[in-house]
2 protein chains.
Amino acid sequence: MSSTSRRSRGRRPGDSGTREAILAAARGRFAASGYDRTRIRDVAADAGVDPALVHYFFKTKDGLFAAAMQLPLRPAEVIGPLLAEGVSGLGERVLRRVLALWDDEDYRESLLAMVHSVTAQPEAQLALREFITRELRGRLASVIQADRPELRATLCGSQMAGLLVARYVVGVEPLASLEREEVVRAVAPTLQRYLEDPL
Amino acid sequence: MSSTSRRSRGRRPGDSGTREAILAAARGRFAASGYDRTRIRDVAADAGVDPALVHYFFKTKDGLFAAAMQLPLRPAEVIGPLLAEGVSGLGERVLRRVLALWDDEDYRESLLAMVHSVTAQPEAQLALREFITRELRGRLASVIQADRPELRATLCGSQMAGLLVARYVVGVEPLASLEREEVVRAVAPTLQRYLEDPL
């Protein structure tokens, strides 16, 4: 789509302010309505652009949310390929990949900035919670074969969240300085048990 | 100790304001210096009372901290008897007891009030973190027979924290409505594994 191909709505892909206007509108909608009830066409209307332009910049709603939260990656694009390989060994694969992201300094700073921003802004918490429930827990639950997949995915989430907060947000030793592969070895069996063992 | 037996320091056990004055001094010290470096005699000096009076009201530093946080129980008096029975079955015992406390409405409200107060006051976070490290993790680590007791106790803490936040603070379903014994059955093996299995 070239910047000269559209004339009607005023804002075009080439506009340097267009992307920011969409993100500002998205932040307002996510804060007011949460993640589930925010629709791309409402964000587009708030920003005064065509919905196609939102898709052009951000592809999907979870991509728009990740950009609004200033995350360098869509969580779904990280977890999707891991889930596609099935439940066998999934605890280890997910843990290794998520720890690798958090161990990367740039990514960790983005994630910590998001944590602190959401902690300081209660109105952003519903959207983050709904996003995690739908895009992470929901995707994980969908590949679990055992009974009570939602509970199992929630238990995995509780251990992952506690681990990430302890290691990266609070920085509790000796966990914070442990080699990534040692963390994987210690914690992956917990996730795998939640994924497939009798509860 | 009767209210007429001491005259020198001005404040006496019978003073209705004495206990509150000590707690106000304690909150100031804990916020300024954290838990580890706060001494009962400094709190007493700030409150203008004899240190014996602080011991009279609150017995120990962890009792003073619990009262300053408006907790109805000292965490150490909850966890102490459980640890005294040894590592065998400890994951299940700790989990059942801690969940019973959080399932009790009065206690849960006190704990949630503490969580929200500490979230809103960054200056209170160091003290809470040091308190948890020393009085909960330190006590747990001291009964672990296997290698790397600090790491093992930290891993237990990461799962407990993630579980409590998910079930009680955020209220994630289906975990929030699950019967207590079902939670014990699902999560106790995780704690027990961290306590004694090869990592």
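## Salt bridges within chain A

In this predicted model, the side chains of Asp103(A) and Arg167(A) meet in a salt bridge, with an N to O distance of 3.2 Å. The pair links distant parts of the chain, since Asp103(A) belongs to helix α6 of chain A and Arg167(A) to helix α9 (residues 149–170) of chain A, 64 residues apart. Asp103(A) counts as partly exposed at 26% relative accessibility, whereas Arg167(A), with a relative accessible area of 6%, is buried.

A salt bridge also joins the side chains of Arg96(A) and Glu181(A), at 2.6 Å from N to O. Arg96(A) lies in helix α6 (residues 90–103) of chain A and Glu181(A) in helix α10 (residues 180–196) of chain A, so this pair ties together parts that are 85 residues apart in sequence. Arg96(A) is partly exposed, with a relative accessible area of 30%, and Glu181(A) is partly exposed as well, at 35%. Elsewhere in chain A, a network of salt bridges links Arg29(A), Arg39(A), Asp42(A) and Asp46(A). Over all chains, the structure holds 31 salt bridges.

## A salt bridge within chain B

In chain B, the side chains of Arg180(B) and Asp103(B) meet in a salt bridge of 3.0 Å, N to O. Because Arg180(B) lies in helix α10 of chain B and Asp103(B) in helix α6 (residues 90–103) of chain B, the pair ties together parts that are 77 residues apart in sequence. Arg180(B) is partly exposed, with a relative accessible area of 31%, and Asp103(B) is partly exposed, with a value of 26%.

## The interface of chains A and B

Chain B brings 29 residues into contact with 29 residues of chain A, and the two chains bury about 2,200 Å² between them, 59% of it on carbon and sulfur atoms. Across this interface there are 2 salt bridges; Arg148(B) forms a salt bridge with Glu182(A), in which the closest N and O atoms are 2.7 Å apart. The interface also has 16 residue pairs in polar contact, both residues being at pLDDT 80 or more.

On the side of chain B that touches chain A, helices α8 (125–143), α9 (149–170) and α10 (180–196) of chain B each supply at least two residues, and the largest share, 10 residues, comes from α9(B). By class, this side of chain B has 14 nonpolar, 7 polar and 8 charged residues.

## The surroundings of Gly63(B)

Gly63(B) lies in helix α4 (residues 61–68) of chain B and is buried, with a relative accessible area of 9%. Leaving aside neighbours within four places in sequence, Gly63(B) is in contact with Phe58(B) and Arg74(B).

Conventions:
Residues numbered from 1 in each chain as written. Chains lettered and ligands numbered in written order. Predicted model: local features only at pLDDT ≥ 70, side-chain atom pairs only at ≥ 80, totals over all residues. Heavy atoms only, no water. Helix = DSSP H or I, 4+ residues; strand = E, 2+ residues; numbered from the N terminus. Buried < 20%, exposed > 50% of the residue type's maximum accessible area, 1.4 Å probe, protein only. Contact = heavy atoms within 4.5 Å. Buried area = accessible area lost by both parts, 1.4 Å probe. Salt bridge = Lys/Arg side-chain N within 4 Å of Asp/Glu carboxyl O. Polar contact = N/O pair within 3.5 Å; in protein donor to acceptor, adjacent residues only side chain to side chain. Nonpolar A, V, L, I, M, F, W, Y, C, P; charged D, E, K, R; others polar.
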